[in-house]
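Colleague: I am new to this structure and would like to learn how to read it. May we go through it feature by feature?

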Amino acid sequence: MAESVDFTVRQGDTFDHTVTWEIGPDVDNLTLVNLTGYTAAMQIRATYASTTTVAALTHSSGLTLGGAAGTIQIQLSAAATAALAARTYVYDLEVTSASGTVTGIIAGSFTVTPEVTR
């Protein structure tokens, strides 16, 4: 799996998004990937070249793998998004099999829009 998915969240809002990992020869013949026993890690950075992360999630903190359903739930608290500057970041999310092999990567932009003030 090598996918590009872009996300947008407003500063101070909870971010909760679920992606489903499916594979197949074409979009009409996809099969869910069973993520039982897998782990995942996600890093959000200013740029892909940056070595400093602005947010890091793991399968036990912010990422929930849905086993046979093939889902990956990504969650950032309102406090975490409030701490991010309003701008576009980049992220990569790696999924690792039980044997320790990186089996998939999702990457893309993570845009934080300004908090709405009233």
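Colleague: In what sense do β3 and β9 pair, and over how many bridges?

Modeller: Strands are DSSP runs (E, at least two residues; helices are H or I, at least four), numbered from the N terminus, and two strands pair if DSSP finds at least two bridges between them. Here β3 and β9 pair in the antiparallel sense, over six bridges. One of the facing pairs is Asp16 opposite Gln75 in β9. Please note that this is a predicted model, in which local features need pLDDT of at least 70 and side-chain atom pairs count only at pLDDT 80 or more, whereas totals for chains, interfaces and linings use all residues. Residues are numbered from 1 along each chain as its sequence is written, and side-chain values use heavy atoms, with hydrogens and water left out.

Colleague: Which order do the strands of the open sheet have?

Modeller: The order of this three-stranded open sheet is β3-β9-β8, with antiparallel pairing. At its edges lie β3 (15-20) and β8 (63-65), each pairing on one side only. Between β8 and β9 (residues 71-76) there are three bridges; Thr64 is partnered with Gln73, and Leu65 with Ile72. The hairpin of β8 and β9 has five residues between the strands, and Gly67 takes a positive phi near 55 degrees there.

Colleague: Which residues touch the most other members of the largest nonpolar core?

Modeller: A nonpolar core is a set of buried Ala, Val, Leu, Ile, Met, Phe, Trp, Tyr and Cys residues joined through side-chain atoms within 4.5 Å. The largest one has 25 residues, and those touching the most other members are Met42, Ile44, Ile72, Ile74, Tyr91, Leu93 and Phe110. The greatest contribution comes from β10, with four residues.

Colleague: Why does Arg45 count as buried?

Modeller: Arg45, found in strand β6 (residues 39-45), counts as buried because its relative accessibility is 7%. A polar contact is a pair of N or O atoms within 3.5 Å; within protein, one must be able to donate a hydrogen and the other to accept it, and residues adjacent in sequence count only if both atoms are side-chain atoms. The side chain of Arg45 makes such a contact with that of Asp92 (2.9 Å).

Definitions and conventions:
Buried means under 20% relative accessible area, exposed over 50%, partly exposed in between (1.4 Å probe, protein chains only).
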